[in-house]
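Thanks for coming. Please have the viewer open.

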Amino acid sequence: MKRMGDLTARIAEMQEKARQRAEREKRDPLPGAPLPKNVVQLPLWPEPVRAVPNGFLRSALFGAIAKGKRRYIDGEQLAALDGIEIRYTGQRLDQGDLDVWESVLHAVRLQELGSTCRVTSYALLKLMGKTDTGKNRATLNKRITRLVASALTVKQGRYSYIGSLIAGAAKDEETQEWVIELDAKLRPLFAADQFTQVEWAVRHKLDGKPLAQWLHGFYASHAAPFPLKIETLHRLCGSEAGEMWKFAQTLRKALDDVAEASAAHGEGFSSDIRGDLVHVEKKAQGAQRRHLAKKASKPRKPRA
C-alpha cells in the first residue's frame with residue numbers, strides 16, 4: 001500500500017510540474033514564437049555567431065587576463081578606443097565571463113528583452129561547447145554571480161548605459177533551471193552599427209587562449225583594421241603582463257593562433273609586426289563589406 005501511495009504522490013507531483021510549465025509557456029513567449037509589435041528585442045543574429053557591443057570588444061572590460069585571484073575595481077575608467085568610455089565596479093572580467101554573457105544573450109535574443117529567460121545549466125554549457133559536469137556548473141554559477149554583481153557606465157557612440165551586465169538571476173538547484181533577466185535598456189548598445197557578430201566556431205577553437213580570443217573579437221569589430229602599437233594593444237586588452245617585451249612575444253603567438261583558427265573555419269586573417277606597429281589584414285564579413293562599399297561610394301571632399 002505504501003508503494004502505491006508513493007506512486008500516486010509521484011504522479012501528482014509530475015502533473016503539478018506539467019501544469020506549472022504550461023502556465024509559464026502561456027505567460028512567457030516561447031523561443032522562436034512571433035513577438036507582439038513594439039516589444040523590445042535584441043537583433044536576431046544567426047546561430048553560428050555571437051553578438052557583442054563594439055565597446056566591449058574594443059576595451060579592457062572583458063580582459064585578456066590569466067587565471068587566479070582577480071583585482072577588484074571601484075569605478076575605474078577602463079582602457080578603450082577613442083569614442084568609447086567605460087567605468088566599471090566589480091571583480092575583473094575575463095574572456096570566460098564573456099563566453100557566459102554571449103551565451104545568455106544568444107538565448108535571450110529570441111524573446112522580449114527584460115522578460116525572464118528560463119534556461120538550464122546544461123543548455124548554457126552546451127552553447128559554450130562545454131560538458132555538463134559538476135565543475136563546469138560551479139564555474140558557470142561563479143561567472144553568472146560576477147556578471148550580476150557588475151556595475152558599469154558605458155558610453156558608446158550616442159548611447160549610454162548604466163547598470164549591470166545581468167540584471168538578476170535565480171536557480172532551481174534541483175532542476176538546474178536558471179531564471180535570468182537582462183535590462184531592456186541594453187538594447188541601444190545593439191543598434192545596427194554598434195555591435196559585431198563574432199564567429200563562434202573560431203572563438204571556441206581559441207578557448208583557453210585569452211589574448212587570442214580578445215584579439216579575435218577586437219579585430220572582428222573592425223571592417224578594415226588600422227595599424228596599432230604593441231603598447232596600445234597591451235593597454236586595450238587589459239593585460240597584466242608587466243614587461244613589454246614579454247607581452248610582445250605572447251602577442252605574436254596569439255596573432256598566429258587567431259590566423260590558424262580563422263583559416264580552419266574559412267575566415268581570412270593575417271598579421272605582421274613591423275617595429276612596434278601591428279598590421280592586420282582580414283576579410284570583411286556581411287555588414288562590414290556593405291559598410292566599406294558605402295564608404296567607398298561616398299564622394300571625397302577636395303583637399304584645400
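Cys117 is buried, with a relative accessible area of 4%, where buried means under 20% relative accessible area, exposed over 50% and partly exposed in between, using a 1.4 Å probe and protein chains only. Cys237 is buried too, at a relative accessible area of 0%. How many disulfides does a search of the whole structure find? The search finds zero, a disulfide being a pair of cysteine sulfur atoms within 2.5 Å.

Before going on, the conventions. This is a predicted model, in which local features need pLDDT of at least 70 and side-chain atom pairs count only at pLDDT 80 or more, while totals for chains, interfaces and linings use all residues. Residues are numbered from 1 along each chain as its sequence is written, and side-chain values use heavy atoms, with hydrogens and water left out.

Now the overall numbers. The protein has ten helices and 14 strands; these are DSSP runs numbered from the N terminus, with helices being H or I of at least four residues and strands being E of at least two. Of its 304 residues, 43% count as buried. Take the contacts between residues at least 6 apart in sequence: 68% of them join residues at least 24 apart, with contact meaning heavy atoms within 4.5 Å.

Back to Cys117, and the sheet around it. Cys117 stands opposite Ile180 in E10. Strand E10, residues 177-181, pairs with E6 in the antiparallel sense over five bridges; two strands pair if DSSP finds at least two bridges between them. The sheet is open, has three strands in the order E6-E10-E9, and its pairing is antiparallel. Its edge strands are E6 (116-120) and E9 (168-172), each pairing on one side only. From one strand to the next the twist averages 20°, where axes are lines fitted to C-alpha atoms, for helices over the stretch in contact, and angles run from 0 to 180 degrees between N-to-C directions.

Gln176 has its place in the loop between E9 and E10. Phi of Gln176 is near 60°, a positive value in a residue other than glycine. Gln176 is buried, with a relative accessible area of 8%.

The other loop, between strand E8 (159-163) and E9, holds Ser164. Is Ser164 buried or exposed? Ser164 is buried, at 14% relative accessible area. Leaving aside neighbours within four places in sequence, Ser164 is in contact with Leu147, Val148, Ser150 and Leu152.

For a residue in a helix, take Thr139, in H5 (residues 134-149). Thr139 counts as partly exposed, at 31% relative accessibility. Its C-alpha atom is separated by 9.5 Å from that of Gly96, 43 residues apart along the chain.

Next, the aromatic rings. A search of the whole structure finds eight aromatic pairs. Rings of Phe, Tyr and Trp (its six-membered ring) pair if their centres lie within 6.5 Å; planes under 30 degrees apart count as stacked, over 60 as edge-to-face and the rest as tilted. Phe190 and Phe195 form a tilted pair, 5.9 Å centre to centre with 50° between the planes. Both of these residues are buried. Trp214 and Phe218 form a stacked pair, 4.9 Å centre to centre with 15° between the planes.

Why are Trp214 and Phe218 separated by about one helical turn? Because they are four residues apart in helix H7 (residues 210-220). An α-helix has 3.6 residues a turn, so residues three or four places apart point the same way. Trp214 counts as buried at 3% relative accessibility, and Phe218 is buried at 1%. Ring pairs also link Trp214, Phe218, Tyr219 and Phe269 into a cluster.

H9 (residues 244-264) has 21 residues and reaches 30 Å from its first C-alpha to its last, close to the 30 Å expected at 1.5 Å a residue; the expected span is 1.5 Å times one less than the number of residues. Its buried residues include Phe247, Leu251, Leu255, Asp257 and Val258. The buried residues of H9 pack against H6 (200-205), H7, H8 (230-236), and strands E13 (269-274) and E14 (277-282). Just after H9, Gly266 takes a positive phi of about 75°.
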